[in-house]
Structures are given as C-alpha cells and as structure tokens.
Amino acid sequence: MKVIVAAAGTGGHINPGIAIANKIKEEEKNSEIVFIGTERGMEKNLVPHAGYELKTIDSYGIPRRLTIENMKRFFKTMKSVNEAKKIIREFKPDIIVGTGGYICVSVCMAARRLKVPYVIHESNVLPGIATKIFAKNAEKIFVGFEETKKNIKNKKLKIIVTGTPTKIKRLDYDETTIENKKTELGFDKTMPLVLIFGGSQGAQSINSSIIDIIKKNNHNNYQVLWAS
C-alpha cells in the first residue's frame, strides 16, 4: 500500500501522523509512506528522524483576517495545491491521511481534484477549519474524543472515535517500580509529586502560569516534575 500523510506545523498534528505511519508499517511491512509538510514546521526534523521521507509545499492554510500578509499567504496556499498535485501524481498513493491543520487545505484540495481518496484524523475536541471544510468529501473521519462528533455538524459523515495515536508505548508499572523510579530521579517518596507538562502551542502559557504559581505559593510540602 502507498500512503501520503499530510502533517505539518506542531507536534499535535505531526506526532499522530507518525504514529499512524508506524502502525501502517507494522501491519503492512511493504507499505510505502511519504509525508507532505512545509519547510517551516516541526515536521522538518520530526519526520526524517522517524525514518520517513518529507516532501514540502508552501502552504499556509485559510486566513481568518483580511490583511495584505494573509492575502499573500492565501495565494501561496492556492499555488501549493498544484505542488501537492504534482507530488500525488508522482507517488500515486492508494490513500491520503490528513491530521488536520493548514497543510490539509492544500493536500485535501489536491486529492479531491485528482479523485484520490483521503481520510482525516482530528485530535482536537474542537475541529479545525480544514477538518470542517474537507470532512464531507473524506472517506472517513477519525477523532480523538467522543465530544468531537458533536462538533462536526454533518451527521451523514462516517465518524469513528479512535483516540489520538501516539508513538509512545504504554508501560504498566507496579507500586514498587514506581517508588524505585522516584528514588532514581532524586525525589522524596514520602512527599506528593506533581507532574506538569504542556504540549505544542499551549506549552508557553502553561509554563508561564506555573512559574507564577510556584513564586506565589509555598511549595515545601510537594515536589514538581516539570517537563517543558
């Protein structure tokens, strides 16, 4: 099977795309998979690092405000549809997987024009603009949350709740192993441990808020494991 994965911008779009690609390779080892992204996003590093080829187009998505800069980006995005069509014609995929975000505008539009089937995976509870626009012509819509189905108004669509694919393997630790891990990391086993982590574009605001909380509160009675 030949698959194109359209994933760009942030880890919230790219990592599920990589996880999907990994699962396809696990199920069908001879599958050929190519990613379409941009030169600007995290895909530039994450996709090659995961072992997949990345082809880039100059896509920016659909502007929400009318400015000169946004108009320039809109015309670049329309031009990038032809760039995506060229990649699709050359690779000849059996199916295209879009993980939401602006890259889906160009790739799904190109797929629709070339009559190549595509599916969309939406990891967010609130679907993005690209998902809303191109959902009606998708073969299936996969979503991360049950609530997402309520936010996609077209009830005729084939919507399947899959959760959000992840590259991380689930590890089940017993209590003894957990306590040992805490000791290895230098934590006091008798004190509460708070894990703080934020992803993608939300990380900065979370980190800023946590700094303020720590400054204003006495944290001598708890410990923090902060992944930033």
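Here is a short chat about surface features and charged pairs in this predicted model.

Author: Some ground rules before we start: in this predicted model, local features need pLDDT of at least 70, side-chain atom pairs count only at pLDDT 80 or more, and totals for chains, interfaces and linings use all residues. Residues are numbered from 1 along each chain as its sequence is written, and side-chain values use heavy atoms, with hydrogens and water left out.

Reader: Which strand gives the largest share of the nonpolar patch?

Author: The patch covers about 500 Å² and is built from Leu185, Leu193, Leu195, Phe197 and Leu225. Patch members have over 30% relative accessible area and no salt bridge, with like charges joined within 9 Å and nonpolar side chains (Val, Leu, Ile, Met, Phe, Trp, Tyr) within 5 Å; areas come from the Shrake-Rupley method with a 1.4 Å probe, and for residues only the protein chains shown count as cover. Strands here are DSSP runs of E, at least two residues, and helices are runs of H or I, at least four, numbered from the N terminus. With 3 residues in the patch, the largest share comes from strand 8 (residues 193-197).

Reader: Is Leu195 buried or exposed?

Author: Leu195 sits in strand 8. Buried means under 20% relative accessible area, exposed over 50%, and partly exposed in between (1.4 Å probe, protein chains only). Because its relative accessible area is 54%, Leu195 is exposed.

Reader: How many salt bridges does a search of the whole structure find?

Author: The test is a side-chain nitrogen of Lys or Arg within 4 Å of a carboxyl oxygen of Asp or Glu. One of the pairs is Glu39 with Lys44, at 2.7 Å, N to O. For the whole structure, the search comes to 8.

Reader: What is the N to O distance between Lys23 and Glu26?

Author: Both residues lie in helix 1 (residues 11-27), 3 residues apart, about one turn of the helix. Lys23 is partly exposed at 44% relative accessible area, while Glu26 counts as exposed at 51%. Their side chains meet in a salt bridge, with N to O at 3.4 Å.

Reader: How many residues apart are Asp58 and Arg40?

Author: Their side chains form a salt bridge at 3.5 Å, N to O. This pair links distant parts of the chain, with Asp58 in the loop between strand 3 (53-56) and helix 3 (68-91), Arg40 in the loop between strand 2 (32-37) and helix 2 (43-49), and a separation of 18 residues.
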